[in-house]
Amino acid sequence: MRVNLTFCLILAFCAISSAQNLLVYTHNGEGYVHDNIEASVKALEKLASQNNFTIQTTDDPEFFTTKNLKNIDCIIFSNTNNEAFYTQSQRDAFKNYINDGGGFAGIHVASGSERNWDWFAAMLGGRFVRHPKLQEFDIAVIDSTHMSTNFLPKIWHWEDECYYLDNLNPDIYVLLAADLTTVTDDKKDEYPDKVFGDYAPLAWYHNYDGGRQFYTALGHKKEYYSNPQFLNHILGGIKWVLNEN
């Protein structure tokens, strides 16, 4: 009986020690702040509890030190916007974390963070430009084999802000793209016009500068963070970043 108890304790210790550590970051600099942040944090905490992840949340840029990031497996920028950091040392700590193999996932307006930092745009995969009014439109599933999309229909009918991005990193693997023929936008001819033909990238993954990155432009309304399809989309992206096949 003693042997069995010891074996169970070993298994429990291994399960705890193998848990992946997530950091959810929600800081917004000066400018528009989304009202979806609380809902997104609760959703991510629920996903973490269901998938044996440990999770902590902060909106404090001072958390970003080499020491604090040492044991983090994936940093999730959940609707961060404008300046994500106060100091160069904080930016350096984040960049070094990526260089050392750290994972990153960005949700919605995370692409509007650190707009003057070209490395950040390249790391995330692109930079937010603008969006038309919130509306229903069609999303083409470009890659239906990825764990963040393999449960979606070929054409996903969705309501959101259709984000337009530039500074796209050429090494991204596009997962989802907006069908611009289904988007109503009086300024579409100004941007993106025909830069991407009739489609505009909305979600992707890639490896950049030592780390693994996933980004989705979806997620404007707080109600979306209780939608099973959208949550599975985010979860699949996080799992890919964590290299959970």
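1. Helix H2 (residues 37–50) packs against helix H6 (residues 228–241) at an angle of about 60°, and their axes lie 11 Å apart. The model under review is predicted. Angles from 65 to 115 degrees would count as roughly perpendicular and those under 35 degrees as roughly parallel; H2 and H6 are therefore oblique to each other. The crossing in which H2 passes H6 is right-handed.

2. On the H2 side, the contact is formed by Ala43, Leu44 and Leu47. H6 contributes Leu231, Ile234, Leu235 and Ile238. Sorted by class, the contact of H2 with H6 comprises 7 nonpolar residues, with no polar and no charged ones.

3. Lysine 222 is located in the loop between strand S11 (211–216) and H6. Its relative accessibility is 41%, which lies between the limits of 20% and 50%, so lysine 222 counts as partly exposed.

4. Which residues does lysine 222 contact, leaving aside its neighbours within four places in sequence? They are Asp35, Asn36 and Ala39. Asparagine 21, for its part, is 201 residues from lysine 222 in sequence, and the C-alpha to C-alpha separation of the two is 24 Å.

5. The structure contains 0 disulfides. Cysteine 74 has a relative accessible area of 0% and is therefore buried, the limit being under 20%. Cysteine 162 is likewise buried, with a relative accessible area of 0%.

Key:
Residues numbered from 1 in each chain as written. Predicted model: local features only at pLDDT ≥ 70, side-chain atom pairs only at ≥ 80, totals over all residues. Heavy atoms only, no water. Disulfide = S-S within 2.5 Å. Buried < 20%, exposed > 50% of the residue type's maximum accessible area, 1.4 Å probe, protein only. Axes fitted to C-alpha atoms, helices over the stretch in contact; angles between N-to-C directions. Helix = DSSP H or I, 4+ residues; strand = E, 2+ residues; numbered from the N terminus. Parallel < 35°, antiparallel > 145°, perpendicular 65-115°, else oblique. Left-handed = near helix turned anticlockwise from the far one by under 90°. Contact = heavy atoms within 4.5 Å. Nonpolar A, V, L, I, M, F, W, Y, C, P; charged D, E, K, R; others polar.
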